[in-house]
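Here are a few notes to read alongside the structure. Take them one at a time and find each spot in the viewer as you go.

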Amino acid sequence: MNVSNDHIVSIAYKLTDAKSGELLDQSQDEHPLSYLHGHSQIVEGLEKELSGKETGHKATVEISPEEGYGQRDEERIIAVPKDRFSEEPEVGQVVQASADHGVMRLKVVKVEGDEITLDANHPLAGTTLKFEYEIVDVRPATEQELSHGHAHCGGGGCGSCGGH
Ligand code: ZN
């Protein structure tokens, strides 16, 4: 079957930083990543790449930051007063803040005086992604999956896929 909108696609993949070669993420052997195609659940560049491909197709593709996690935006680095935190955060720690559309994850990049500097960029912003993938399975989404907007695994209910 070919990958098209409203299908559940399962892929085995390995994600590395195209420049440094650093391993960023990979699917576990018995647990491919399953997602609902055409609903922006994976990065744009990979969704485009997979469209129309068949079960069993294997390839390696590089995806620019524009079609990946975006470019780094220096305006997303913000300083807030330390007294906004109940405990002083440490550099490298990830803190959560509520935003208009859900929860934002911010990385603490500097603690100086009474000020905490936070970076709201996605950790992979600015990174060219290299995906080695194999399409393991393609099937039409069930009505329940379509109404929920995500994949259910092995006929299970919500959350049956774990992760992602
Ligand atoms: Zn569900």
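**Notes for a first look**

1. Let's begin with Ser-40, which sits in the loop that runs between β3 (33-36) and α1 (44-50). Please keep in mind that this is a predicted model. Ser-40 is not a glycine, yet its phi is positive, at about 55°. Is Ser-40 buried or exposed? With a relative accessible area of 62%, Ser-40 is exposed, because the cut-off for that word is over 50%.

2. Asp-6 is another residue with a positive phi that is not a glycine; the value is near 65°. You will find Asp-6 in the segment before β1. Its relative accessibility is 34%, so Asp-6 counts as partly exposed, a class that lies between the 20% and 50% limits.

3. Now look at Ser-20, in the loop between β1 (7-17) and β2 (23-26). Ser-20 counts as exposed because its relative accessibility is 51%. A polar atom of the Ser-20 side chain lies 3.2 Å from the backbone nitrogen of Glu-22. Where sequence and space are concerned, compare Ser-20 with Thr-127: they are 107 residues apart along the chain, while their C-alpha atoms are 9.8 Å apart.

4. Next comes the metal site. Which residues hold the zinc ion? The zinc ion is coordinated by His-148 through ND1, His-150 through NE2, His-152 through NE2 and Cys-158 through SG, at 2.1 to 2.2 Å. Along the chain, these donors follow the spacing H-x1-H-x1-H-x5-C. The angles among the four donor atoms run from 101 to 122°, and the site is tetrahedral.

5. His-152 has a relative accessible area of 4%, so it is buried. For His-150 the relative accessible area is 28%, which means that His-150 is partly exposed.

6. Which strand gives the largest share of the lining? That is β7 (residues 102-112), with three residues. By type, the lining divides into five charged, four nonpolar and two polar residues. In case you wonder how such a space is found, rolling a probe the size of a water molecule over the atoms shows where empty space is left.

How values were computed: Residues numbered from 1 in each chain as written. Predicted model: local features only at pLDDT ≥ 70, side-chain atom pairs only at ≥ 80, totals over all residues. Heavy atoms only, no water. Helix = DSSP H or I, 4+ residues; strand = E, 2+ residues; numbered from the N terminus. Buried < 20%, exposed > 50% of the residue type's maximum accessible area, 1.4 Å probe, protein only. Polar contact = N/O pair within 3.5 Å; in protein donor to acceptor, adjacent residues only side chain to side chain. Donors = N, O, S within 2.8 Å, 3.2 Å for Na, K, Ca; no water. Tetrahedral: all angles 85-135°; square planar, octahedral: opposite > 155°, others 65-115°. Nonpolar A, V, L, I, M, F, W, Y, C, P; charged D, E, K, R; others polar.
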